[in-house]
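Morning, everyone. I'd like to talk about salt bridges today. Here is the structure.

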Amino acid sequence: MRVKSKSGRVFELPTAKEESAIRAGVAADPDTYELTDTEFRQLKRMGRPPAATTKERVTMRLSRDVVGRFRATGPGWQTRIDAALKEWLETHH
């Protein structure tokens, strides 16, 4: 069976026969085991931790030269645009 992820990637899930063979292989391997439901719930979440202050996703059009100059400063350029806008708000309230 094929399933599609949120990102659009398509995955082929194992058949019942393949899943049975996988489980048998896990059970036969002394160095691994399947987690119980309780153990699975106790796993630490991976990825970016929830932010204390969330940001709002917006779409806006900026001139190419502005975007180009900020992008040229490297990773974090969008955060620097946010900081520049905050600074402008402080001086133009």
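Start with Glu34 and Arg23. They form a salt bridge, and the closest N and O atoms are 2.8 Å apart. Keep in mind that this is a predicted model. The pair links distant parts of the chain. Glu34 sits in the loop between helix H1 (16–28) and helix H2 (37–42). Arg23 is in helix H1, and the two residues are 11 apart.

Arg2 and Glu12 meet through their side chains in a salt bridge, 3.0 Å from N to O. Arg2 belongs to strand E1 (residues 2–4) and Glu12 to strand E2 (residues 10–12), so this pair ties together parts 10 residues apart in sequence. Both Arg2 and Glu12 are exposed. To count as exposed, a residue must have over 50% relative accessible area.

Lys86 forms a salt bridge with Asp82, with 3.5 Å between the closest N and O atoms. Both residues lie in helix H4 (residues 77–91). They are 4 residues apart, which is about one turn of the helix. Asp82 is partly exposed, with a relative accessible area of 27%.

How many salt bridges does a search of the whole structure find? It finds 4. Some of them share partners: Glu19, Arg23 and Glu34 are joined into one network. So back to Arg23 on your screens, please: that residue, in helix H1, is part of the network.

Methods. Residues numbered from 1 in each chain as written. Predicted model: local features only at pLDDT ≥ 70, side-chain atom pairs only at ≥ 80, totals over all residues. Heavy atoms only, no water. Buried < 20%, exposed > 50% of the residue type's maximum accessible area, 1.4 Å probe, protein only.
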